[in-house]
Amino acid sequence: MSPEGKKLLNIVVLGFGFMFMFTAFQTCGNIEQTVIKSFNSTEFHGSGYTSMAIIYGVFSASNLLAPSVVTVIGPQLSMFFSGLLYSGYIAMFIYPYTWSFYTASVLVGIAAAVLWTAQGNVLAINSTDSTIGRNSGIFWSLLQFSLFFGNLYIYCAWHGHEHITDKDRQTVFISLTVISLAGCFLFFLIRKPDPESSSRPDGTEPLLQTESLDGSTASSSGSGLCSQALDAFVKACKMFVTKEMLLLSISIGYTGLELTFYSGVYGTCIGAMTRFGTDAKSLIGISGIFIGIGEILGGGVFGMLNKSSRFGRNPVVLLGLITHFIAFFLIFLNIASDAPLAPEEGTDLQAYITPSVGVAMLCSFLLGLGDSCFNTQLLSIIGFMFRDNSAPAFAVFKFIQSIMAAIAFFYSNYLLLHWQLLILVVMGFLGSISFFVTEWLAESSRRDSDYDSI
């Protein structure tokens with residue numbers, strides 16, 4: 001196989017590994033609050049929202065240490081061991097205990113930082129400037145298919161179930177654990193690329209100073225590792241206070257809030273709506289499928305084809321804002337305000353219109369489409385504005401996003417739906433304005449650069 005073919009195969013294997021893992025984990029996150037409400041035991045006193053808040057809070061802090069871990073043991077083993085912790089979190093729901101639930105949440109937060117840092121490294125060392133866009137698009141599409149397959153399984157497994165029994169729960173989470181473990185072992189199929197693949201035509205550095213998937217050429221001394229970790233931390237701190245990143249932080253923060261809403265809160269709301277009928281629980285899976293369709297469509301169109309647009313990134317972000325505002329308004333009309341906090345029996349309250357499953361699924365699609373609009377353009381502008389320091393820039397991106405997701409999961413335990421939607425509307429508006437200003441600065445910088453090169 002040619003060197004280029006080997007690298008492309010590595011990207012495909014990487015995408016399938018993440019697709020399997022997140023078919024299990026994202027499905028788990030989508031249904032866990034509903035599952036917890038159905039536990040037939042008084043010994044468990046955990047909250048799915050609190051668990052996700054812990055995960056994202058620890059995730060944000062662990063971003064500071066993750067590069068050093070990946071440097072020491074290599075990205076392949078980093079992804080494998082992180083995947084085992086993800087699988088352990090899912091398996092915990094087979095026989096749940098409060099202490100194991102929250103302990104697993106902390107461990108997954110650490111694993112997430114290592115996993116995504118390693119993923120970025122594998123993507124970088126298997127890509128060149130001419131293939132990074134294609135490879136990112138392949139990975140994104142395969143990852144988002146996890147929303148489709150996992151939620152389709154939930155729909156089939158829970159179709160017609162008004163109450164989730166212990167046997168229902170155990171069957172689902174045993175299956176999800178096996179799927180997650182399969183993704184972990186797929187990472188061992190990633191082969192070491194040819195040595196020249198770690199350098200780039202423009203002379204820039206890869207994400208981490210590693211030339212091997214097994215970490216064998218990472219660093220020869222502990223002092224070198226400490227120096228590298230400290231240098232990355234200082235760069236990230238300096239980058240955080242730049243004018244461009246401070247502006248983008250509002251947009252990034254919004255993606256963290258809406259990530260929480262579509263990946264956890266909205267599915268719980270649908271499952272709590274008894275007015276949708278006895279199949280309300282299985283509709284959680286269908287909702288996830290429509291979110292996935294929106295993500296895949298948006299990622300394909302605006303991720304892989306954004307370079308073909310001569311109007312810049314602002315129209316895509318504006319489209320994302322409009323789709324989200326339409327979704328928020330329809331959710332406000334269609335879903336009862338107490339749905340996020342309703343007990344396992346659900347809520348009998350009605351919002352402002354007769355609850356409609358069709359409207360609920362349309363909103364799921366719009367949430368996924370809008371999320372892909374924001375995320376693809378944020379990744380694009382950060383990669384453009386901070387191309388010489390991409391590693392600390394994306395570390396700051398993940399730090400801000402995960403902090404805001406943790407905050408959102410925390411307040412989801414207490415706020416009614418209409419207050420959560422209001423927060424999203426305000427942050428979405430401010431985040432879009434800040435993105436428009438940052439895009440203007442980026443375009444001004446590009447024009448000045450083009451002028452200076454004449």
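Alanine 360 is found in helix α12, which spans residues 357–385. The structure shown is a predicted model, with a mean pLDDT of 82 for the protein.

**Alanine 360**

- Alanine 360 has a relative accessible area of 1%. Buried means under 20%, so alanine 360 counts as buried.
- Between alanine 360 and isoleucine 335 there are 8.2 Å in space, C-alpha to C-alpha. In sequence, alanine 360 and isoleucine 335 are 25 residues apart.

**The nonpolar core**

- The largest nonpolar core has 108 residues. Within this core, Phe18, Tyr86, Tyr89 and Phe173 touch the most other members.
- Helix α9, residues 243–272, gives the most to this core, contributing 13 residues.
- Which residues does tyrosine 89 contact, leaving aside its neighbours within four places in sequence? Its partners are Phe25, Cys28, Glu32, Ser51, Met52, Ile55, Phe101, Ala104, Ser105 and Val108.
- In soluble globular proteins, nonpolar side chains tend to be buried together.

**A nonpolar patch on the surface**

- Eight names make up a nonpolar patch on the surface: Ile250, Trp419, Leu422, Val426, Phe429, Leu430, Ile433 and Val437. Together they have about 680 Å² of accessible area.
- Helix α14, residues 417–452, gives the most to the nonpolar patch, with seven residues.
- Leucine 422 lies in helix α14.

**Salt bridges**

- How many salt bridges does the structure hold? The structure holds three.
- Glutamate 4 and lysine 7 meet through their side chains in a salt bridge, at 3.7 Å from N to O. These two residues are three residues apart in helix α1 (residues 3–37), so about one helical turn separates them.
- Glutamate 4 is partly exposed, with a relative accessible area of 33%. Lysine 7, at 10% relative accessibility, counts as buried.
- A salt bridge also joins the side chains of aspartate 166 and arginine 169, at 2.9 Å from N to O. Both residues lie in helix α7 (residues 166–186), three residues apart, which is about one turn of the helix.
- Is aspartate 166 buried or partly exposed? Aspartate 166 is partly exposed, at a relative accessible area of 29%. Arginine 169 counts as buried, at 5% relative accessibility.
- The side chains of arginine 313 and glutamate 439 form a salt bridge at 2.6 Å, N to O. This pair links distant parts of the chain, 126 residues apart. Arginine 313 is in the loop between α10 (280–304) and α11 (314–334), while glutamate 439 is in helix α14.
- Both arginine 313 and glutamate 439 are buried.

**Confidence in the prediction**

- Of the residues in the protein, 82% reach a pLDDT of 70 or more.
- Over residues 197–211, pLDDT stays under 50. The model has 33 contacts beyond four places in sequence for residues 197–211.
- Residues 450–454 also have pLDDT below 50. Beyond near neighbours in sequence, residues 450–454 have zero contacts in the model.
- Where pLDDT is low, the predicted coordinates should not be read in detail.

Terms used. Residues numbered from 1 in each chain as written. Predicted model: local features only at pLDDT ≥ 70, side-chain atom pairs only at ≥ 80, totals over all residues. Heavy atoms only, no water. Core = buried A, V, L, I, M, F, W, Y, C linked by side-chain atoms within 4.5 Å. Buried < 20%, exposed > 50% of the residue type's maximum accessible area, 1.4 Å probe, protein only. Helix = DSSP H or I, 4+ residues; strand = E, 2+ residues; numbered from the N terminus. Contact = heavy atoms within 4.5 Å. Patch = residues over 30% accessible without salt bridge, like charges linked within 9 Å, V, L, I, M, F, W, Y side chains within 5 Å. Areas by Shrake-Rupley, 256 points an atom, 1.4 Å probe, with all protein chains shown as cover. Salt bridge = Lys/Arg side-chain N within 4 Å of Asp/Glu carboxyl O. pLDDT = per-residue confidence, 0-100.
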